[in-house]
Amino acid sequence: MNPLVTPGIESLKPYEAGKPIEELARELGVTDAIKVASNENPLGPSPKALQAVQLALASCHRYPDAATYRLRQALSEHHGLQMAEVLPGNGSNELLELLLRTFTTPADHVVFGEPAFVVYKLAAIAQGTPFTGVPLKDHVHDLPAMAAAVRPNTKLLFVANPNNPTGTHVPRAALERLLRDVPPEVIIVLDEAYMEYVEAPDYADGLSLRHLRERLIVLRTFSKIYGLAALRVGWAGGPAHLLDYVNRVRAPFNVNSLGQVAAIAALDDVEHVTRSRESNRRGRARLAAALSELGLAQAPSQTNFIWADLWRPGRQVYEALLRKGVIVRPFGDSTFVRITVGTDAEVDRVIGALREVLG
Ligand SMILES: Cc1ncc(COP(=O)(O)O)c(C=O)c1O
C-alpha cells in the first residue's frame with residue numbers, strides 16, 4: 001500500500017511555539033501573565049508602522065502587491081542592494097522553507113548547528129533532505145566542524161548569527177574563513193534575525209561580506225527589533241539568479257499588504273530601533289546579573305534573550321514560573337530555558353519569579 005505521507009512527514013513533530021498568554025489564562029486562570037518566550041520586541045511596533053497599517057486597512061479587500069515592489073525598493077535603498085537582490089517572504093521562516101524546497105531534494109544534504117533555529121531541521125525533514133546537525137562548542141557555532149561536515153552533495157549550510165536559542169555570535173575572522181573555505185557550490189545562508197541587537201565589535205553582518213562568496217544568502221526579519229512579528233515579514237538578500245529561483249517557488253501573495261507598508265515605515269523609524277536596542281541592553285544586563293547571582297550559567301548573549309542553564313530540568317522550572325504568570329521557553333528535556341528580555345517592569349517580574357522559584 002502507498003504510504004499516506006513521506007517518512008519525513010510521518011516523523012515530524014510540529015514547531016513548539018512560546019505559550020500564548022491567553023492559553024495560560026485558560027489553563028491556569030493566571031490573568032496577569034507576561035510572555036518572555038518568543039523574542040518579540042516588548043516595546044511593541046514602531047508607531048510609524050502602526051499608522052501605515054491603519055491607513056492600509058481600508059484597502060484590505062485588494063490583494064497585496066505580489067511583487068512587493070515598494071518594500072523591495074525601500075530595502076534595496078536602505079542596504080545598498082539591487083532590487084533583484086532582495087526577496088521578501090512571509091517571515092524569514094517562509095524563506096527558510098522555500099530555500100529547502102527550491103534547492104534540495106532527498107538526494108542532497110544540508111548542514112546546520114545544533115541547537116540552532118529549529119526550523120532548519122523541520123524544513124529539511126519535511127522536504128526529505130538528509131542533514132547533519134553539528135553540535136555547538138561552548139554554545140557557539142563550531143564553524144570548522146560545520147565546514148568539515150560538508151559533503152559533495154551538500155546544497156545549503158545555515159548559520160544563525162547570532163544564534164537562537166543560545167544568543168551567541170561567531171566572530172568575523174571565523175565567519176570569513178567559512179565563507180572562503182566551503183566549496184563554492186554550497187549556498188551559505190546567514191540567518192541574521194537578531195543582528196540589530198548585536199554590540200560585539202568582532203561581529204560582521206553578512207551583507208558586508210558578500211564580496212567573499214557568490215553563493216551567500218542573508219536572511220533578515222521585521223519580527224524582532226522592528227516589532228512586527230504578527231505581520232510576518234522577512235527578507236532574503238543575495239545573488240539575483242539564486243533569488244529568482246526562490247521567487248518561482250513562493251506563493252503569489254506571500255507577503256500581506258499590511259506587513260508590506262508596516263515594514264517600509266518601520267525601516268525608517270530609527271528612533272524606535274534605537275530605543276528598542278537601549279531598552280534591551282539595559283534589561284539584558286539586569287537579567288544576566290540576576291541569573292549570575294542565582295548561581296546559574298548563561299551563554300554570552302548578543303540578542304534580546306538569554307540562554308540559561310538552571311542545573312535542573314528546565315521544564316520543571318518553566319511550569320513553576322507559569323504558575324507565577326511568567327512564560328519562558330523550555331527546550332525538551334534539557335536543563336536550559338530561553339528567557340526573552342522584556343520591558344523594565346517585565347524584567348523585574350522575571351527576576352522576582354526566578355528568585356522565588358530557584359532561590
Ligand atoms: C534565528 C531565527 N531565524 C528566523 C526566525 C523566524 O522569524 P520570522 O519568521 O518571524 O521572520 C526566528 C524566529 O524566532 C529566529 O530566531
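Visitor: Which residue forms a salt bridge with Glu85?

Guide: In this predicted model, the partner of Glu85 is Arg210, and their closest N and O atoms are 3.3 Å apart. The two residues come from distant parts of the chain, 125 residues apart. Glu85 lies in the loop between helix H4 (69-79) and strand S2 (86-89), while Arg210 lies in the loop between strand S6 (187-191) and strand S7 (216-221).

Visitor: Is Glu85 buried or exposed?

Guide: Glu85 counts as buried, because its relative accessibility is 16% and the cut-off for buried is under 20%. Arg210 is partly exposed, with a relative accessible area of 22%.

Visitor: How many salt bridges does a search of the whole structure find?

Guide: The search finds 19 salt bridges. One of them joins Asp32 to Arg349, with the closest N and O atoms 3.6 Å apart.

Visitor: Where are Asp32 and Arg349 in the chain?

Guide: Asp32 is in the loop between helix H2 (21-28) and strand S1 (34-35), and Arg349 is in helix H13 (residues 344-358). Asp32 is partly exposed at 49% relative accessibility, and Arg349 is partly exposed at 26%.

Visitor: What about Lys19, which residue does it form a salt bridge with?

Guide: Lys19 forms a salt bridge with Glu27, and the closest N and O atoms are 2.8 Å apart. Lys19 is buried, with a relative accessible area of 11%, whereas Glu27 is partly exposed at 49%. Through salt bridges that share partners, Lys19, Glu23 and Glu27 form one network.

Visitor: Changing topic: which residues surround the ligand?

Guide: Among them are Gly91, Phe117, Asp191, Tyr194, Lys224 and Arg232. Helix H5 (residues 91-103) contributes the most to this shell, with three residues.

Visitor: Which polar atoms lie by the oxygen atoms of the ligand?

Guide: A polar backbone atom of Ser92 is 2.7 Å from an oxygen atom of the ligand. For a polar backbone atom of Asn93, the distance to a ligand oxygen is 3.0 Å.

Terms used:
Residues are numbered from 1 along each chain as its sequence is written. This is a predicted model: local features need pLDDT of at least 70, side-chain atom pairs count only at pLDDT 80 or more; totals for chains, interfaces and linings use all residues. Side-chain values use heavy atoms; hydrogens and water are left out. A salt bridge is a side-chain nitrogen of Lys or Arg within 4 Å of a carboxyl oxygen of Asp or Glu. Buried means under 20% relative accessible area, exposed over 50%, partly exposed in between (1.4 Å probe, protein chains only). Helices (H or I, at least four residues) and strands (E, at least two) are DSSP runs, numbered from the N terminus. A residue is near a molecule or strand if one of its heavy atoms lies within 4 Å of it. A polar contact is a pair of N or O atoms within 3.5 Å; within protein, one must be able to donate a hydrogen and the other to accept it, and residues adjacent in sequence count only if both atoms are side-chain atoms.
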